[in-house]
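Visitor: I would like to learn how to read the features of a structure such as this one. Could we go through it together, step by step?

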Amino acid sequence: MRKGLHVAIIMDGNGRWATWRGLPRMAGHRAGVAAVRRVVEHAPALGIRWLTLYAFSSDNWRRPADEVESIFWLMRAYLRLETGRLRQHGARLEIIGRRDRLPNLLLREIGHAENATAEGSRLHLRIAIDYSSRDTITRAVARATNALPPDQPPSADVLGRMLAQALTAESGEVDLLIRTGGEKRLSDFLLWESAYAELLFTDRMWPDFDATDLDAALAEFNRRERRFGGVPVATAHSVESAR
């Protein structure tokens, strides 16, 4: 049995958080970075081994160019300032999503951060940048189709392996998917990996999300029964068995 949980978070509400306070939208994104630190540092204590955060979707390119540029600047600053802290906390960082459209300066920081944290084993932190689940699945199908005989359709296992290659990172099943900000949709995030994930939607804006909110989310997860198409399995028992 896999040890530890995989929690994925759609970090929504940064812009609205700032607008409601009469602040520029970037103030919300900066406040959201502090929330990332809180969650990353608290996650291992709750049995979370994999944490995947949705930072920038492929659809976010539609935002104003100055906001996109500022978000990428903020990502560079986060990687530069937090890499040492991630190493101290035993976190391994990987970026998933497309890299061919990212600015070179950001790619440089990504490479440095991934190399510097490669030995981390306490938490596998994955940050999705320029990520689209549909695009990832499409590329995985193309890989599988080219690798198999014409009369052999790709199986779920084969597609899973191809997805991992397309992501350039390990692709694990999601146990709990959280979305902040009050919206109730997946927004093209980890669609394959979340096939049997428990979903939790909260009105809490991402900049306000803290350790107590993560505690509450895991408590709710542990109260649910996961059936996977079969008989009920108490998640609390599963978590304890996995540790």
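The dialogue below takes up the sheet, then a helix, then the salt bridges.

Guide: This is a predicted model, in which local features need pLDDT of at least 70 and side-chain atom pairs count only at pLDDT 80 or more, while totals for chains, interfaces and linings use all residues. Residues are numbered from 1 along each chain as its sequence is written, and side-chain values use heavy atoms, with hydrogens and water left out.

Visitor: What is the order of the strands in the open sheet?

Guide: Helices (H or I, at least four residues) and strands (E, at least two) are DSSP runs numbered from the N terminus, and two strands pair if DSSP finds at least two bridges between them. Here the 6 strands follow the order E3-E4-E2-E1-E5-E6, with parallel pairing. Strand E3 (91–96) and strand E6 (198–201) stand at the edges with a single partner strand each, so one side of each has no neighbour in the sheet. Between E3 and strand E4 (residues 123–131) there are 6 bridges, and Glu-94 has Arg-126 in E4 as its bridge partner.

Visitor: Which strands does H7 lie across?

Guide: Contact means heavy atoms within 4.5 Å; axes are lines fitted to C-alpha atoms, for helices over the stretch in contact, and angles run from 0 to 180 degrees between N-to-C directions. H7 lies across strand E1 (5–10), strand E2 (48–57), strand E5 (176–179) and E6, at about 135 degrees to E5.

Visitor: Which residues of H7 are buried?

Guide: Buried means under 20% relative accessible area, exposed over 50%, and partly exposed in between (1.4 Å probe, protein chains only). In H7 the buried residues are Asp-213, Leu-214, Ala-217, Leu-218 and Phe-221. Seen down the helix axis they fall within an arc of 135 degrees, taken from the directions from the axis to the C-beta atoms, so they line one face of H7. On the other side of H7, Thr-212 and Arg-223 are exposed.

Visitor: How many salt bridges are there?

Guide: Side chains of opposite charge can pair when their charged atoms come close. With a salt bridge taken as a side-chain nitrogen of Lys or Arg within 4 Å of a carboxyl oxygen of Asp or Glu, the count comes to 19. Among them, Arg-224 meets Glu-220 at 3.0 Å, N to O, and Glu-220 is partly exposed at a relative accessible area of 24%. Glu-198, Glu-220, Arg-223 and Arg-224 are linked in a network of salt bridges.
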